[in-house]
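Please read this briefing alongside the sequence and the 3D view. The points are grouped by topic.

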Amino acid sequence: MLDFEQLRALHAAVDEGTFDAAARKLHITPSAVSQRIKALETSVGRILVQRTKPIRVTDSGREVLRLARQIDALSRDTVRELGLENGSGTFARVSIAVNADSLSTWVLGALAEFTHEVSFDFHLDDQDHTTELLRDGSVMAAVTSVASPIQGCSSSRLGIMRYRPMASAEFCRRWFADGVTAKSLSAAPLVVFNRKDLLQDRYLDQKVGHPVDPPRHLVPSSADFADAVRRGYGWGLIPDLQRGDDERSGELIGFDPDFVDDVPLYWQQWKLSSPVLRRISEVVTRRAHEVLHQPLI
């Protein structure tokens, strides 16, 4: 049987990064934090954290950390359900991994109704990688392109985020004056979100047919990515949810209107009897079905 206070110490140490910070959060001494984690490691027979700055959870510690976070979530839910909040209220804490385009175009708006009762911790990552944060216990739920549920989680379909290659009118005149060809695409600068962003490379693979390495601008913000394309830094694939006004005004041009890149999105979350997490899942799913492309099945 794992000790609740030892699990709390592990949770706090990993979240806060140091024993000192964890001690301040738990209102105990750093030595007590260290002793509780050591006792937990003895109990399970594994090293759970690396004593670095910041503290890092080991592979063996990930499952224990996930349990600690689940217990914390259930404990907060129970306090709220019983009406035992202190004077300032007890906010539920919900951590969600999400890709930047979803966060900026529909997720923030969908979850705004919970801001009086939930403290959100959003973790940004590419949709192909957000489940890694679920797997190591960093988050409770994720918007992901991975359909198959990871261990201990459920998965439900949200819809398709559709992307199209866009550029400014001036950029098209400069780089695609003779058409969008393999030659022009091999030389025209492009914009990428980060080094995990493969949307533009998938397009190049289809259109050029062999590896090319045109100049790249890394712009790690969804809104600024679109702005960089609008300002002529390069071309990029922009989601339909983000391109409407700019396309109508002529600031952005879909220079290959027959091409679309459909990215399927799913909602994965812990299998946890949490009323707050269940309500969040319902709202996210409902909003996604309203704004994302829903293919006929």
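D261 is located in strand β11; helices (H or I, at least four residues) and strands (E, at least two) are DSSP runs, numbered from the N terminus. This is a predicted model, in which local features need pLDDT of at least 70 and side-chain atom pairs count only at pLDDT 80 or more, while totals for chains, interfaces and linings use all residues. Residues are numbered from 1 along each chain as its sequence is written, and side-chain values use heavy atoms, with hydrogens and water left out.

- D261 has a relative accessible area of 10% and is therefore buried; buried means under 20% relative accessible area, exposed over 50%, and partly exposed in between (1.4 Å probe, protein chains only).
- The side chain of D261 makes a polar contact of 3.2 Å with the side chain of R202. A polar contact is a pair of N or O atoms within 3.5 Å; within protein, one must be able to donate a hydrogen and the other to accept it, and residues adjacent in sequence count only if both atoms are side-chain atoms.
- Leaving aside neighbours within four places in sequence, D261 is in contact (heavy atoms within 4.5 Å) with M161, R162, Y163, L199, R202 and L237.
- Strand β11 spans residues 261-270, and eight of its ten residues are buried.
- Strand β6 (residues 153-167) runs antiparallel to β11, with ten bridges joining them; two strands pair if DSSP finds at least two bridges between them. Y163 has D261 as its bridge partner in β11.
- Strand β5 (residues 141-144) is also antiparallel to β11, and four bridges join these two. Here T144 stands opposite Y266 of β11.

**Helix α9**

- Helix α9 covers residues 199-208, and its buried residues are L199, Q200, D201, Y203, L204 and V208.

- Q242 belongs to helix α11 (residues 240-249).
- The side chains of Q242 and S222 are joined by a polar contact of 3.1 Å.
- Apart from neighbours within four places in sequence, Q242 is in contact with D101, S104, T105, S222, A223 and A226.
- From C-alpha to C-alpha, Q242 and L272 are 34 Å apart in space, and they are 30 residues apart in sequence.
- S138 sits in the loop between α6 (130-135) and β5, and its relative accessible area of 21% makes S138 partly exposed.
- The contacts of S138, neighbours within four places in sequence aside, are R69, S95, H123 and L133. S138 and H123 are 15 residues apart along the chain, with 8.8 Å between their C-alpha atoms.

**Salt bridges and cysteines**

- How many salt bridges are there? The count is 20 salt bridges, where a salt bridge is a side-chain nitrogen of Lys or Arg within 4 Å of a carboxyl oxygen of Asp or Glu.
- One of them joins the side chains of D125 and K196 (3.0 Å, N to O). This pair links distant parts of the chain, 71 residues apart: D125 is in the loop between β4 (118-124) and α6, and K196 is in the loop between β7 and α9.
- D125 is buried at 16% relative accessible area, whereas K196 is partly exposed at 34%.
- E170 and R173 form a salt bridge whose closest N and O atoms are 3.1 Å apart. Both residues are in helix α7 (residues 169-175), three residues apart, so about one helical turn separates them.
- E170 is partly exposed with a relative accessible area of 43%, and R173 is exposed with 54%.
- The side chains of R287 and E290 meet in a salt bridge (3.0 Å, N to O). R287 and E290 lie three residues apart in helix α12 (residues 275-291), about one turn of the helix.
- The structure holds zero disulfides, a disulfide being a pair of cysteine sulfur atoms within 2.5 Å.
- C153 is buried at 2% relative accessibility, and C172 is buried at 12%.

**Model confidence**

- The protein chain has an average pLDDT of 89, and 95% of the residues score at least 70; pLDDT is the predictor's confidence in each residue, from 0 to 100.
- Among the elements of the protein chain, strand β7 (residues 190-192) has the highest mean pLDDT (97) and α11 the lowest (78).
- Where pLDDT is low, the predicted coordinates should not be read in detail.
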